[in-house]
Each structure stands twice: as C-alpha cells, then as structure tokens.
Amino acid sequence: MTNLSLDGRFARELPEMAVRWKAEEAPDPRLLVLNDELASGLGLDADWLRSPDGVRLLVGNSVPDGATPVAQAYAGHQFGGFAPRLGDGRALLLGELVDGDGRMRDVHLKGSGHTPFARAGDGLAAVGPMLREYLVSEAMHALGIPTTRSLAVVATGRPVRRESVLDGAVLTRVASSHLRVGSFQYAAVTGDTDLVRRLAEHAIARHHPEVAGAADPYLGLFEAVCSAQAQLIARWMLVGFVHGVMNTDNMTISGETIDYGPCAFMDVYDPETVFSSIDSWGRYAYGNQPSIAAWNLARFAETLLPLFDDDIDRAITLTQNALGAFGRHYEGALTAGMQAKLGLTGVDGPAVAPLLDELLKLLQDNHIDFTSFFRALGLAARGDNEPVRGLFVDLAGFDAWLDSWRALGPDGAAMDRVNPVYIPRNHLVEEALTAAAAGDMEPFETLLDAVTGPFDERPGLQRYAEPAPEAFGRYRTFCGT
C-alpha cells in the first residue's frame, strides 16, 4: 500500500478555499468498522487498512507522500440565516483518488480535530454519530440513492466532552466531491468574480463535463445541479427519508446526500414529520424538503448571476427559467417513483394521479407506517389482501381505494424491487448505537447487514422489518457536534 497516491487537485486549483492542516494525533486508534466492498472499489487493500499503518491512514495520522490534507472553506445559510465563513471545522480533505471505474473521489475525514474554521468547537466527534453516518449512508447507497459513502469508523482513544464524556471517533468518508452550494457562497462573498468562475469551471470538470461545450456552460452547470437535486430529493421522499438539516452548506453540487446529522427515516406517514431537536419550527420537515431544495438552489443561482450575463435583469430571467425546471424535474421523478412503488409503471399518469392523492390522505388519516405499507401492498398485488388491510382503521375507504388500484393491474414483483423491507428504523439505530458505545458491535453489524440488503426478505430478520413499538415514543435526533 506504499504506492497509494492522493492528488490535491482542489487545493491546487482553488488555494483561496483551502487551508493546509493536519489531523490531531489519535492516542489509541482502534478500527470499529471497515467497508471492504468500498475499499476494493477504490483500489485499496482492506487487509492493509486493518493493519496499524492502515488505521493511522484512516484517522489522518499517516498520509501518503505528496498528499496535502486541507480544511475546505465554505459559507452557508443555516436555518435561513447566512454565515459567511463556516468551513471544515472538524474535517479534512486528505486528497482525491481515481477509483476502479475511473471516477475521481474525495477521501475525507470527519472528527479529526480542531481546524481554523472550528470557531469555538473542539473539532472532534463521538463514536455514536460517526457510526450513525456510516450506517445511514450505506443504507442509502443500498437503496440506490446518491450519497457520500463511509469507508471506516475508527475510535481514537480520546474522550469527547458533550453533555457527558463520550468516546471519540473519526469517520473516513468518500464522495464524488465535497463541493457545496455553500462553497459558491463563500467564493461569491469575497467579491472575486474570477474565483467564482474558477470554482464553477472546477465543478463542471468534476461533475458535469457534458455542459463544458455549451453556449453558456455556467447556466448549464446550474441547470445540471437543479436536475440532480430534483432527482435526489424525490428519492428521499420515496423512502421517507428526512435529512433534518438542509442548510446550503449541506447541498452538494454532485447531487449526493451529505452530512447525516439529525437525519432519520419516517415511520408513520406525516408530511410534518421532524426529527431534529433544533428544528422547532419544522423548517426541514419531511414535506418541506422539495421547497427548501428550491430555496437553496435560488441561493446557488445568486452566486452565479455575474457569470450568466452582464445584464443583471437578463441573468435573473435565465435563473427563474432554470428554477422552474427544478419543479418539473422533481414532480416527474416523484410521480414516476410513486408509480413504481405502486407497481403501475407504464400506466397513464392521469389514471394514477387521483389514486396517489387519495392514498396519501388515507395513509396520514390512518397513521400508517410508510415503509410497511408499500411492502404489504405488494402482497395484495398477488392476491393476499389481509396484511395491508390489517393496517387500516378506515377499512371501507381503503377497500374502495384498493379496488381502484387493482383494476390498473399492479405488478407485485416489480413493487418488491423498489419497496424496501429493511430501513434504518429509528429504534433499531438507537439500540445499535447504545450497544456500540458500550463496546458491543454485534447489534450494529446485524442492522448494517439488514439495511444494506434492503429489498430481499431474509429469515431471522423479522424484527428489522417491524415499526417501532409504541413505548419507543417520539423520536428526536441531534447533530452530534
């Protein structure tokens, strides 16, 4: 593994947005979990990564010759309020490498210690939140949702002080890049249009090279990001995922999900579902995610206006047209996805639309578990109605809906390919993280195995398909900082 090479393209091309830094020394690093499949795809030797030298790489205490770890600069709107200087307060970009498919990937640390962007924070992370990100990001990948991925979690042997003293950890994260809307906001607030232009050209080359030859490549970049984010948010909605902290610094230019802090999967269907302990107004509720994405993209557009056209009025008109396309892309992706969940792909949209509207009202009024419903509905497509009927109080209303749905000829086998049996249910996540904090990784490993094979029902995993018991109560998550 001595021939591992990490490039520093971001730092080289955009030095104004990178601060050379190094990770704090981990006194007693201990590997908790390693993603062998991802390691292989990156061309890394998993056995070597488990060695003392490999573990030191995973926490940033040993980096390959020529690598230049940096903390990246970015700004962001956090719950609607603008912060002009955020940046990697507890993270480092070790560098970029080319994976087995020829794609450039960031290798990035989270929880590696205080940086110049940390403000009053200690720059550290605890075992629980880092294992949460590993678990949920890998579950999202298995569901086919674009996401950053987790290569490893390493306990550092350093205590972390929060409400109590916790064991410290570092997450090694892999992404198409860590460029965010907030990256462009940081560049724009400097007033340096050339920096914004170079950042846009870097983003085009990295993520959307198809627009490089367009008549207006910068507008093409904006349109490509709008399309990617429309597809992403629709996929979140289709599985009941609530990100929890959709600040502009948490929206990627690649269209990947990033930063799994106060995230969770919705149990009972309710558009007002909020899990984040700090989102008291429901800004980032499940049902608000599409409109928040559009709001974030409008902030992205503001940074690009000088590149769109010298005439500000014309630049604004171009922006408005592109933002309108976001809504159309989102509605198209959501409708197609819901038709697939109902086994009605290929059925004319006008026949399905009223059925969808009625179904969502039935789910909300009857307090139905979102994930369980669609899997049970697949059985009804094969003629076994009782499992799904047993979920409803309003049987007359649901039976009428069921008859209308069945008349359209749903495909049960196709439904099972898109409707998961297993998701990271909140009570199981908490159970696994509590055990891990006490040194028992077995519940985490079993849950990880379930959610990374989400569509195939397996013996012995029945409890992983069941909703939370009533005693679990109202769920609240925390950002882990």
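**Notes on a predicted model**

1. Asn35 counts as buried, at 7% relative accessibility. Buried means under 20% relative accessible area, exposed over 50%, and partly exposed in between, with a 1.4 Å probe and protein chains only. Asn35 sits in the loop between β2 (30–34) and α2 (36–41). Helices (H or I, at least four residues) and strands (E, at least two) are DSSP runs, numbered from the N terminus.

2. A word on the basis. This is a predicted model: local features need pLDDT of at least 70, side-chain atom pairs count only at pLDDT 80 or more, and totals for chains, interfaces and linings use all residues. Residues are numbered from 1 along each chain as its sequence is written, and side-chain values use heavy atoms, with hydrogens and water left out.

3. What does Asn35 touch? Leaving out residues up to four places away in sequence, Asn35 touches Tyr134, Glu138, Arg149, Ser150 and Leu151. Contact here means heavy atoms within 4.5 Å. The side chains of Asn35 and Glu138 are also joined by a polar contact of 3.0 Å. A polar contact is a pair of N or O atoms within 3.5 Å; within protein, one must be able to donate a hydrogen and the other to accept it, and residues adjacent in sequence count only if both atoms are side-chain atoms.

4. Glu138 and Tyr134 are among the buried residues of α5. Helix α5 covers residues 127–142, which makes 16 residues. The helix reaches 23 Å from its first C-alpha to its last, close to the 22 Å expected at 1.5 Å a residue. The expected span is 1.5 Å times one less than the number of residues. Twelve of the 16 residues are buried, so α5 is mostly covered. Just after α5, Gly144 has a positive phi of about 85 degrees.

5. Helix α10 (residues 312–341) has 30 residues. They should span 44 Å at 1.5 Å a residue, and the end C-alpha atoms are 43 Å apart, which agrees. Asp311 caps the N-terminal end of α10, with a side-chain oxygen 2.9 Å from the backbone nitrogen of Asp313. Gly343 follows α10 and has a positive phi, near 70 degrees.

6. Two packed helices are described by the angle between their axes and the distance between the axes. How do the axes of α16 and α17 cross? The axes of α16 (residues 426–437) and α17 (residues 442–451) come within 7 Å and cross at roughly 145 degrees. Axes are lines fitted to C-alpha atoms, for helices over the stretch in contact, and angles run from 0 to 180 degrees between N-to-C directions. Leu428, Val429, Ala432, Leu433 and Ala435 in α16 meet Pro443, Phe444 and Leu447 in α17. By class, this contact of α16 with α17 has eight nonpolar, no polar and no charged residues.

7. Now two glycines. Gly168 lies in strand β9 (residues 165–175) and is buried, with a relative accessible area of 2%. Beyond four places in sequence, its contacts include Ala125, Val127, Thr156 and Val160. Gly60 lies in the loop between α4 (52–58) and β3 (70–72). Gly60 counts as buried at 12% relative accessibility. Its contacts, leaving aside neighbours within four places in sequence, are Ala23, Leu94 and Leu109.

8. How many disulfides does the whole structure hold? A search finds zero. A disulfide is a pair of cysteine sulfur atoms within 2.5 Å. Cys226 is buried, with a relative accessible area of 1%. Cys263 counts as buried at 1% relative accessibility.

Methods. Nonpolar A, V, L, I, M, F, W, Y, C, P; charged D, E, K, R; others polar.
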